[in-house]
Amino acid sequence: VKTDYLIVSELNIDGGYSLKEKFYENVYKDSSKAYALNKFGYETCDEIIIRCRLLKNIDKDKSLRMIGAMSVSIEHLLEKFQPDLFVALRIDSYVLDLFNRLLIERNIKYIGLWKAALKKDNFFITTKGEHISISEVNPENVEKLYEEINSEDFQATSIKNTNEFSFLKFLRRWLYYKLRDIALVIASKLQNDPLGYRYITSGKNVPEYKVKLKNFMVNSLFEKDWNNKLENSKLKTIFIGLQVNPESTIDYYVDDLGLINYERVTMSLVRTFLDEDYEVFIKDHPNMFGMRDYSFMKRLSSQDRVHLIPYDIPSTLFVKRCDVTYTWTGTIGLQAALAGKCAVVAQPTYYLQDCFVKLRNFDEISRLPSMVEKFNPISEELGKALIEHVLKTYIPGRIDPLKFDNNNQELVTGTLKMISNLDKLLPELVNERNI
């Protein structure tokens with residue numbers, strides 16, 4: 001099928017369409033704020049701001065003007081070119097959030113792409129975490145992945161392969177983000193793009209991107225005797241796996257806005273389960289080394305029966321040995337369910353409903369202990385059905401938007417496979433599937 005295509009970016013782009021011109025025609029006008037509020041309403045504008053890691057950390061009037069100006073720019077694009085389909089990464093910013101809302105108005109399909117968490121060199125189609133069955137699944141692949149996930153050394157594809165959490169590595173990361181912030185300021189000026197999302201989403205505006213020197217002190221809060229505490233606990237135990245933050249899988253996957261504030265949610269979870277005489281084990285995501293705020297971790301560790309686990313200890317040890325696990329949308333929930341444990345996850349995930357305790361909103365946290373008590377662990381048969389359910393979303397091919405390298409033959413081959421499979425799938429997705 002011969003298809004016309006247009007490459008679109010919010011940055012300057014050769015041979016494509018940039019959203020910049022229309023955006024800057026309007027963003028400094030007060031009418032842009034009014035346009036955003038009239039277009040979406042106050043409640044939806046607040047949601048767009050709260051879900052975006054940048055907008056929620058800058059002046060609200062500026063955020064509203066940016067929403068209004070970017071909406072005008074996107075609408076101009078859609079009216080001019082009348083696309084049948086929009087292909088991008090999953091929603092991870094206010095720009096793609098606006099695209100999704102404006103495409104829905106016009107009944108145009110958004111095909112979001114991201115790399116699969118459970119299987120290397122696979123990707124899946126999703127805008128914000130919804131489950132879209134694509135592939136037929138070989139039962140042998142179900143058995144294989146079931147065994148892999150239940151093994152002691154399983155880890156998700158997003159986790160960087162490193163056991164080094166030294167002060168030297170911390171300093172390298174601290175220096176990297178310092179230089180990154182400087183480079184983004186320079187690039188913003190050179191590109192004449194002072195409000196460009198890619199340039200101002202930095203440590204200056206987004207606290208989670210600021211590596212503070214005191215954050216290395218998180219290492220001093222770790223429970224050195226964690227194994228003995230876990231092995232000899234006379235109480236019920238819960239394992240809380242902190243995810244990367246900010247992150248699309250929380251900011252845009254999770255329904256309830258009250259569950260997006262990970263610090264508030266974590267503190268409430270801890271207090272709730274402590275009140276029910278649980279012992280609490282908390283492990284940060286390895287990719288957050290140096291970036292997790294020390295004061296937050298200090299507040300957690302200062303409570304009795306709360307133990308922070310070192311970065312280099314595998315989560316699987318706690319998934320299999322704790323009575324309950326909590327994670328928003330991460331693979332820990334899946335691992336726990338398959339291990340016959342009670343896994344609490346945020347609503348919705350694309351996992352089967354009956355396999356988890358699903359937390360629907362912030363106010364429901366106080367009811368979790370009673371919900372956990374009523375939960376029955378899933379059978380091996382249902383666990384394998386869960387794996388099949390997930391594998392149906394996976395497509396062979398590789399997507400690495402942050403580190404593509406023409407000289408990496410493995411990466412090039414995987415990317416070409418992704419493109420080939422998308423070429424086969426897109427006509428069917430446009431014409432036949434409800435996505």
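This is a predicted model: local features need pLDDT of at least 70, side-chain atom pairs count only at pLDDT 80 or more; totals for chains, interfaces and linings use all residues.
1. Start with the largest nonpolar core, which has 84 residues. The members touching the most others are Ile240, Ile282, Phe318, Tyr326 and Trp328. Helix 11 (residues 262-275) supplies the largest share of this core, with seven residues. Another core lies apart from it, with 39 residues, including Ala36, Ile58, Leu64 and Tyr94.

2. Ignoring neighbours within four places in sequence, Ile282 is in contact with Phe239, Ile240, Leu242, Val270, Leu300, Val306, His307, Leu308 and Ile309.

3. Now for helix 11 itself. Ten of its 14 residues are buried, so helix 11 is largely enclosed by the rest of the structure. Among the buried ones are Tyr262, Met267, Val270 and Phe273. The cover over the buried residues includes strand 6 (236-241), strand 7 (278-283), helix 12 (294-301), strand 8 (306-309), strand 9 (324-326) and helix 15 (368-373).

4. The length of helix 11 checks out: at 1.5 Å a residue, its 14 residues should span 20 Å, and the end C-alpha atoms are 20 Å apart. After helix 11 comes Asp277, with a positive phi near 65°.

5. Last, have a look at helix 6 (residues 139-149) and helix 16 (residues 380-391). Their axes come within 9 Å and cross at roughly 105°, so the two helices are roughly perpendicular to each other. Asn141, Val142, Glu143, Leu145, Tyr146 and Ile149 of helix 6 meet Glu380, Gly383, Lys384, Ile387, Glu388 and Leu391 of helix 16. By class, that contact has six nonpolar, two polar and four charged residues.

How values were computed:
Residues are numbered from 1 along each chain as its sequence is written. Side-chain values use heavy atoms; hydrogens and water are left out. A nonpolar core is a set of buried Ala, Val, Leu, Ile, Met, Phe, Trp, Tyr and Cys residues joined through side-chain atoms within 4.5 Å. Buried means under 20% relative accessible area, exposed over 50%, partly exposed in between (1.4 Å probe, protein chains only). Helices (H or I, at least four residues) and strands (E, at least two) are DSSP runs, numbered from the N terminus. Contact means heavy atoms within 4.5 Å. Axes are lines fitted to C-alpha atoms, for helices over the stretch in contact, and angles run from 0 to 180 degrees between N-to-C directions. Angles under 35 degrees count as roughly parallel, over 145 as roughly antiparallel, 65 to 115 as roughly perpendicular and the rest as oblique. Ala, Val, Leu, Ile, Met, Phe, Trp, Tyr, Cys and Pro count as nonpolar, Asp, Glu, Lys and Arg as charged, and the others, Gly among them, as polar. The expected span of a helix is 1.5 Å times one less than its number of residues.
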